[in-house]
Amino acid sequence: MPPPLQDGKLFGIFDGHGGKFASTLLRTSFPEAFKDACKGAVADALLEAGADGTPRVAKALDDACVASQAQMPTEMPFAQSGSTGVVSWIHGGEDDTSVFASCLGDSKAQVPTQLSETLLRTLALALALSPS
């Protein structure tokens, strides 16, 4: 990934409802769509919140999901169901790490947080994104 994206790591899990073609297409198209959505930003600007309070990198993940889903072919009946997925960009190091996530379809990104020795709570990192 080019700067400023090289300061983080991009992860994605895709479940192709139209078979492996859908998830393979997303696996190959998503990184490029994410790079395009981040063009012109420096590392610090990616982490800053925009006018709506959302960090630019989180919006870039959402935009890349929408752009990648738009590439799904619709001429074949089996391909029309597309894919679900969760993508994350993890920025920082051992002492200061930020996780940004987006979801495609009905997938959800959540992380457990420990409330006590026996009690966990999940925190939603991103809401499901459905194309309209």
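Contact here means heavy atoms within 4.5 Å, and axes are lines fitted to C-alpha atoms, for helices over the stretch in contact, with angles from 0 to 180 degrees between N-to-C directions. Helices (H or I, at least four residues) and strands (E, at least two) are DSSP runs, numbered from the N terminus. The model is a predicted one, in which local features need pLDDT of at least 70 and side-chain atom pairs count only at pLDDT 80 or more, while totals for chains, interfaces and linings use all residues. Residues are numbered from 1 along each chain as its sequence is written, and side-chain values use heavy atoms, with hydrogens and water left out.

The protein has 3 helices and 5 strands, and along the sequence they follow the pattern β-α-α-α-β-β-β-β. Of its 132 residues, 36% count as buried, where buried means under 20% relative accessible area, exposed over 50%, and partly exposed in between (1.4 Å probe, protein chains only). The protein exposes about 8100 Å², of which carbon and sulfur atoms supply 54%; accessible areas come from the Shrake-Rupley method with a 1.4 Å probe, and for residues only the protein chains shown count as cover. Among contacts in the protein with a separation of 6 or more, 56% come from residues 24 or more positions apart.

The antiparallel strands β2 and β3 are joined by 8 bridges, and Val86 stands opposite Cys103 in β3.

Ser88, in strand β2, is buried, with a relative accessible area of 14%. Leaving aside neighbours within four places in sequence, Ser88 is in contact with Lys9, Leu10, Phe11, Phe100 and Ala101. Gly92 also lies in strand β2, but at 44% relative accessibility Gly92 counts as partly exposed. Not counting residues up to four places away in sequence, Gly92 touches Asp7 and Thr97. Gly92 and Gly8 are 84 residues apart in sequence, with their C-alpha atoms 6.5 Å apart in space.

On the helix side, Ser23 is found in α1 and is buried, with a relative accessible area of 17%.

Aromatic side chains form another set of links. A pair of aromatic rings is described by the distance of the centres and the angle of the planes. Rings of Phe, Tyr and Trp (its six-membered ring) pair if their centres lie within 6.5 Å; planes under 30 degrees apart count as stacked, over 60 as edge-to-face and the rest as tilted. By this rule there are 4 aromatic pairs. In one of them, Phe34 and Trp89 have ring centres 6.4 Å apart and planes at 55 degrees, so the pair is tilted. Phe34 lies in helix α1 (residues 20–37) and Trp89 in strand β2 (residues 83–92), so the pair ties together parts that are 55 residues apart in sequence. Both Phe34 and Trp89 are buried. Phe14, Phe30, Phe34, Trp89 and Phe100 form one aromatic cluster.

The cysteines remain. A disulfide is a covalent bond between the sulfur atoms of two cysteines. With a disulfide taken as a pair of cysteine sulfur atoms within 2.5 Å, the structure holds 0 disulfides. For Cys65 the closest cysteine sulfur is that of Cys103, at 7.5 Å, which is too far for a bond. Cys65 is buried, with a relative accessible area of 2%. Cys38 is buried as well, with a relative accessible area of 3%.

Note on methods: Two strands pair if DSSP finds at least two bridges between them.
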